[in-house]
Protein chains: 2
Amino acid sequence: MQPGLRFGMDTRRADQIATALEELIFTGRFDDGDRLDEIRLAREFDVSRTPIREALQRLVASELAVQIPRRGVFVRQPGPVELIEMFETMAEIEAVCGRLAALRISETALDDLDAINRHCQDCVAKDDRDGYYRENEKFHRTIYQQSGNGFLAREAQRLQHRLKPYRRIQLRLRGRMAQSMAEHESVVAALRAADAEGTANALREHVAVQGEKFRHLMAHLKTLA
Amino acid sequence: MQPGLRFGMDTRRADQIATALEELIFTGRFDDGDRLDEIRLAREFDVSRTPIREALQRLVASELAVQIPRRGVFVRQPGPVELIEMFETMAEIEAVCGRLAALRISETALDDLDAINRHCQDCVAKDDRDGYYRENEKFHRTIYQQSGNGFLAREAQRLQHRLKPYRRIQLRLRGRMAQSMAEHESVVAALRAADAEGTANALREHVAVQGEKFRHLMAHLKTLA
DNA sequence: GACCTTGAAATTGTATACAAGAAACTTGAC
DNA sequence: GTCAAGTTTCTTGTATACAATTTCAAGGTC
């Protein structure tokens, strides 16, 4: 492989900075409304304003920040209402993926899901939250892909990424891993039965934020604000 | 109102250029894979490379183009498969909006929809495609908003905008306006009956590309390629 | 004291200059 | 004529310089 043909490895400084800033916003290092000062950031990342501005543009495009012309770029942390809306949307999109996947999923993918669930089970036994989180991501990604719709799968992935920091909070709820695990299994059962509506409902319930999960999320939001 | 406080009016050259380029891609002025030459575009828009680069970044973010590091930005026209995928996704998202709206829509919004449909009917009578198109957009936007989920509504709007050029093609199908019109009315009926699944199904069918519509879209794609 | 005007300082937006990597072309060997 | 190495040209990515607006504060007016 020639040196110029490597793909992902961000050789562009602007891309690295965008990823770093995204992470900083995700982890709550910036409050809602904070102005992202170009000159300050340029100093901190030890680059000129040019790559900083490119990175900021990317944040604006992914709605992590808003730009007001000739004023600057401001961090945009979702409030409780928008968070609930995003989770509801995620639940509905997962339901759609599931409904389509129920009719289109391959046998090998079903086996993959079973394997992932066994790994999940191991993580529950070991109380390994990070491990569970990784396997959980694989589980959902597999369903997105098995929707047989690449565009839809990418959209689902994008939203999942956006919600990542909040999903992690969910798992800290006592006994949530075991319950999540059980829900995974009923999803696979519905998929195997080619039960479109059953899969959709199971996934919607699985992802939706309600009851205990809702109160947990709200409590955590308050500690952040 | 002070001169500095106007909002939308793009005072930034980069934003204007981004919009212009988007339009050029939408209308098929560029082929898939065309490289967007910064220097050439800078000359054409009579501006330096800086705002051009910002505009290109925006195209990449909205997936109208792809960027290959140190190579350039290339136009990315969706092929037949991706188009079908995008329409399927649109149909499903509209179905979701409809299902939620059936339980949340206000009386006044229902009346608005009726009014819009009357305007649609006028356009059908006058064979006014542009007018119908505008009213049709209002119809769908109203349903997005009445889903009661602002985030979902914005996502739906974004996808609708992305599909705009192809949707217009659909309307040119003989008798399509009248049929679309009838479908609108059954959607409103289901909404008024608070029939969640009925609304979802009606909208999904309404938006989905199948049968005649599918062949029509394919035929048009071939003429473009 | 409240409010408007005015001007300095700071910040964004754009142009230009420079650096680094990729594409294209030339030259030479076989 | 084909291919390969080396050189030139061109393009992207980053830094810096300049222009245009906004912000903030000081000073004046009522």
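Predicted model: local features only at pLDDT ≥ 70, side-chain atom pairs only at ≥ 80, totals over all residues.
Of the 225 residues in chain A, 31% count as buried. Here "buried" asks for 20 or more other C-beta atoms within 10 Å of a residue's own, "exposed" for 12 or fewer, and "partly exposed" covers what is in between, with C-beta atoms placed from the backbone. As for labels, residues are numbered from 1 along each chain as its sequence is written, and chains are lettered from A, ligands numbered from 1, in the order in which they are written.

Let's walk along chain A. Its secondary structure comes to 10 helices and two strands; helices are DSSP runs of H or I with at least four residues, strands are runs of E with at least two, and both are numbered from the N terminus. Read along the sequence, the pattern is α-α-α-β-β-α-α-α-α-α-α-α. Along the principal axes, the C-alpha atoms of chain A fill a box of roughly 55 × 50 × 35 Å.

The largest nonpolar core has 67 residues, and Cys97(A) and Cys97(B) are the ones with the most contacts inside it. A core in this sense is a set of buried Ala, Val, Leu, Ile, Met, Phe, Trp, Tyr and Cys residues joined through C-beta atoms within 7 Å. Leaving out residues up to four places away in sequence, Cys97(B) touches Ile143(B), Tyr144(B), Ser147(B), Leu152(B) and Ala156(B). Over in chain A, Leu100(A) is found in helix 4, and it counts as buried because it has 24 C-beta neighbours inside 10 Å. With the sequence neighbours up to four places away set aside, Leu100(A) touches Ser147(A), Gly148(A) and Asn149(A). Leu110(A) is 10 residues from Leu100(A) along the chain, and their C-alpha atoms are separated by 14 Å.

Lys164(B) has 12 C-beta neighbours inside 10 Å, so it counts as exposed. Its C-alpha is 9.9 Å from that of Tyr133(B), 31 residues apart along the chain.

Most residues other than glycine have a negative phi. Asp46(A), though, has a phi near 60°, a positive value in a residue other than glycine. Asp46(A) sits in the loop between helix 2 (38-45) and helix 3 of chain A, and it is exposed, with 7 other C-beta atoms within 10 Å. Ala194(A) is not a glycine either, yet its phi is positive at about 55°. You'll find Ala194(A) in the loop between helix 8 (176-192) and helix 9 (196-207) of chain A; with 13 other C-beta atoms within 10 Å, Ala194(A) is partly exposed.

On to how the two chains meet. The contact takes 20 residues from chain A and 20 residues from chain B. On the chain A side, helix 3 (49-61), helix 4 (80-104) and helix 7 (150-171) each supply at least two residues, and helix 4 gives the largest share, seven residues. By class, that side has six nonpolar, five polar and nine charged residues, where Ala, Val, Leu, Ile, Met, Phe, Trp, Tyr, Cys and Pro count as nonpolar, Asp, Glu, Lys and Arg as charged, and the others, Gly among them, as polar. Why do the copies meet through the same surface? Because 100% of the interface residues of chain A are also interface residues in chain B.

Terms used. Contact = placed C-beta atoms within 7 Å.
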